[in-house]
Amino acid sequence: MTEKYKEQAVIIRQEEISYGIYSVWLKTDKIAEQAKPGQFLSVYCHEGSRLLPRPISICEIDKADQAVRIVYRVVGKGTEELSQLGTGDHLDIVGPLGNGFPLKDKKTFLIGGGIGIPPLLQLAKELHCEKQIILGYKDNLFLHKEFKKQGNLYIATEDGSYGIEGNVMDAIRENGLEAEIIYACGPMPMLRAVKTYAKDKNIECWLSLEEKMACGIGACLACVCKSNERDNHTNVNNKRICKEGPVFRAEEVEF
Amino acid sequence: MITKVNLAGVTLKNPVMTASGTFGSGAEYAEFVDLNQLGAVVTKGVANKPWEGNPTPRIAETYGGMLNAIGLQNPGIDLFVERDIPFLTKYDTKIIVNVCGKTLEDYCEVVKRLANQPIDMLEINISCPNVKEGGIAFGQNPKMVEEITREVKKYAKQPVIMKLSPNVTDITEMAKAAEAGGADVISLINTITGMKIDVHRRTFALANKTGGLSGPAIHPIAVRMVYEVAKAVEIPIIGMGGIGTAEDALEMILAGATAISVGTVNFRNPKVTMEIVNGIREYMEQYRVEDIKELIGAVDKSN
């Protein structure tokens with residue numbers, strides 16, 4: 001188990017990398033040193049009326065510089081507040097949280113949809129194998145140039161403005177792609193399709209899930225998902241996404 | 001400086017406790033908090049059998065607070081006794097086990113199972129607004145409050161805290177009923193029933209539709225209720241509801257609480273309980289308070 005820390009991080013730089021999508025590099029004390037791909041941070045708002053941390057996945061880790069990068073979409077007042085911060089501003093964070101992706105160097109699909117794309121970047125950097133990166137967007141692209149450096153990139157857009165018109169599954173089919181292992185993060189309908197695909201093809205598949213969270217550390221039991229096996233916390237069939245997850249074997253969870 | 005307080009014969013090193021349901025059984029928060037520094041750890045409600053809880057989403061943030069409808073997911077008394085109590089006994093803090101149930105028999109079964117366990121007190125949850133049976137159903141009728149208190153007391157080997165709901169017309173009636181039933185301590189308040197609607201999706205924010213409102217938004221309501229109950233009963237009170245700072249905690253104590261619990265604000269700051277312990281000491285130094293007991297219910301005494 002990795003150590004978790006509550007820290008006041010300092011913003012190195014923040015930029016809007018696509019419409020409503022922001023990238024922040026944070027200088028941390030110990031979190032970067034401990035972080036693994038697929039883990040997330042609890043990010044706290046300055047505004048006191050917004051009590052709960054925003055769980056945001058780690059996009060990149062720079063251990064030499066003790067920095068982590070998060071990429072997020074502005075969806076409400078909390079993320080809007082975060083997007084207003086700039087270089088030198090402080091940010092309370094807790095992390096690294098969750099389990100992260102297991103690293104297995106096999107012929108790989110990295111499948112990302114929308115704001116589920118960012119955590120796959122650090123994963124791509126740490127995998128040393130044949131990587132086929134399939135990214136699905138609604139319309140505006142982000143991070144695609146950085147993924148391009150990490151493997152063979154295939155893009156699908158819902159409006160057809162770039163790459164294949166359709167979703168990530170269409171991109172896999174139309175390009176005739178094959179893999180021995182799948183890592184995926186994205187919206188639930190995408191994850192359902194990936195799970196079905198992996199089952200049909202009998203491929204090892206790891207999915208990163210999300211749910212509304214409160215504590216972020218496994219105490220409040222808000223962010224559970226249905227699991228096939230009994231969970232080790234409550235001995236029912238509810239795994240905690242923040243603690244046992246967010247990454248699960250596809251056949252382990254029901255959604 | 002004396003910070004220790006007495007709850008029905010149990011001495012807490014300071015009045016700061018955790019509120020049930022926000023702190024698990026302490027294991028997760030032990031990575032951030034030195035549990036030895038807390039007056040007591042109050043565990044999440046445990047029933048006679050494992051409960052799965054409600055569908056997700058189970059929480060929603062609101063202005064200065066949050067709604068939850070976890071639905072008392074818990075591992076049941078067997079696993080709790082085997083795993084959670086041995087974890088907590090490693091620390092120099094008092095252990096208070098919150099007990100939930102669907103029927104009177106369920107509550108009594110759990111209380112009996114805990115009789116020979118190395119725990120210090122029992123807190124009986126008759127105020128959870130998020131389960132269909134049990135919970136709040138027992139806490140909104142004074143006759144039921146008195147009856148369940150009396151039944152639980154028959155089997156309890158530890159002092160009994162009855163945890164009251166604010167979702168009633170007059171909370172002092174419930175407090176008096178608990179006292180009449182033999183309660184040793186009263187804790188209040190549990191969450192206030194609320195609702196949030198997602199206007200973009202035109203759905204309820206919570207799968208359960210309603211949830212319990214907690215956090216700083218409810219603190220003044222909790223202070224008022226603690227004050228009223230302190231006037232109405234002789235037994236000690238544990239105050240809770242939106243406490244996030246030492247000042248909030250001191251308000252509760254001045255209103256009449258002997259001890260206080262910190263709940264939702266643990267989610268905002270996992271180290272907040274220790275900060276409140278230190279903040280209370282600083283206040284006592286600043287105002288030259290020798291013994292924290294001088295502050296209990298002192299709001300009226302200063303005039």
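A salt bridge is a side-chain nitrogen of Lys or Arg within 4 Å of a carboxyl oxygen of Asp or Glu. In this predicted model, that rule gives 27 salt bridges over all chains. One of them is formed by the side chains of Arg54(A) and Glu61(B), with N and O 2.7 Å apart. Arg54(A) belongs to strand E4 (residues 54–62) of chain A and Glu61(B) to strand E5 of chain B, so this pair joins two chains. Arg54(A) has a relative accessible area of 18% and is therefore buried, the cut-off being under 20%.

The contact between the two chains involves 39 residues from chain A and 36 residues from chain B. Together the chains bury about 3000 Å², and 58% of this area is on carbon and sulfur atoms. Of the area that chain B buries against chain A, 23% comes from Glu61(B), Phe267(B) and Arg268(B), more than from any other three residues.

Polar contacts between chain B and chain A number 16 residue pairs, with both residues at pLDDT 80 or more. On the side of chain B that touches chain A, two or more residues each come from strand E5 (59–62), strand E6 (65–68), helix H1 (76–88) and helix H7 (265–268) of chain B. Among these elements, E5(B) gives the most, with 3 residues. By class, this side of chain B has 15 nonpolar, 12 polar and 9 charged residues.

Strands E5(B) and E6(B) pair with each other in the antiparallel sense over 4 bridges. Within this pairing, Ala60(B) has Leu67(B) in E6(B) as its bridge partner. The two strands form a hairpin with 2 residues between them, where Gly64(B) takes a positive phi near 70 degrees.

Asn238(A) is buried, with a relative accessible area of 2%. Its side chain is joined to that of Gln73(B) by a polar contact of 3.1 Å. Leaving out residues up to four places away in sequence, Asn238(A) touches Val224(A), Cys225(A), Lys226(A), Ser227(A) and Asp231(A) in chain A, and Glu52(B), Arg58(B) and Gln73(B) in chain B.

Elsewhere in chain A, strand E6 (residues 90–97) is mostly covered, with 6 of its 8 residues buried. E6(A) runs antiparallel to strand E1 (residues 5–18) of chain A, to which 6 bridges join it; Tyr5(A) has Gly95(A) as its bridge partner in E6(A). Strand E3 (residues 40–43) of chain A is also antiparallel to E6(A), through 3 bridges, and here Phe40(A) is partnered by Leu97(A). Chain A also holds a network of salt bridges that links Glu60(A), Arg69(A), Lys125(A) and Glu146(A).

Within chain B, the side chains of Arg113(B) and Asp78(B) form a salt bridge of 2.5 Å, N to O. This pair links distant parts of the chain, with Arg113(B) in helix H2 (residues 104–113) and Asp78(B) in helix H1, 35 residues apart. Arg113(B) is partly exposed, at a relative accessible area of 34%. Another salt bridge joins the side chains of Lys293(B) and Asp291(B), at 3.5 Å from N to O. Lys293(B) is partly exposed at 46% relative accessibility, whereas Asp291(B) is buried at 15%.

Two loop residues of chain B are also buried. Asn14(B), in the loop between strand E2 (10–12) and strand E3 (16–18) of chain B, has a relative accessible area of 6% and counts as buried. The side chain of Asn14(B) reaches the backbone oxygen of Gln37(B) at 2.8 Å and the backbone nitrogen of Gly39(B) at 3.2 Å. Beyond neighbours within four places in sequence, the contacts of Asn14(B) include Thr3(B), Lys4(B), Val5(B), Leu38(B) and Val277(B). Gly263(B) is in the loop between strand E16 (259–262) and H7 of chain B and is buried, at 10% relative accessibility. The C-alpha atoms of Gly263(B) and Ala19(B) are 4.6 Å apart, although 244 residues separate the two in sequence. Apart from residues up to four places away, Gly263(B) touches Ala19(B) and Thr22(B).

Methods:
Residues numbered from 1 in each chain as written. Chains lettered and ligands numbered in written order. Heavy atoms only, no water. Buried < 20%, exposed > 50% of the residue type's maximum accessible area, 1.4 Å probe, protein only. Polar contact = N/O pair within 3.5 Å; in protein donor to acceptor, adjacent residues only side chain to side chain. Contact = heavy atoms within 4.5 Å. Buried area = accessible area lost by both parts, 1.4 Å probe. Nonpolar A, V, L, I, M, F, W, Y, C, P; charged D, E, K, R; others polar. Pairing = 2+ DSSP bridges.
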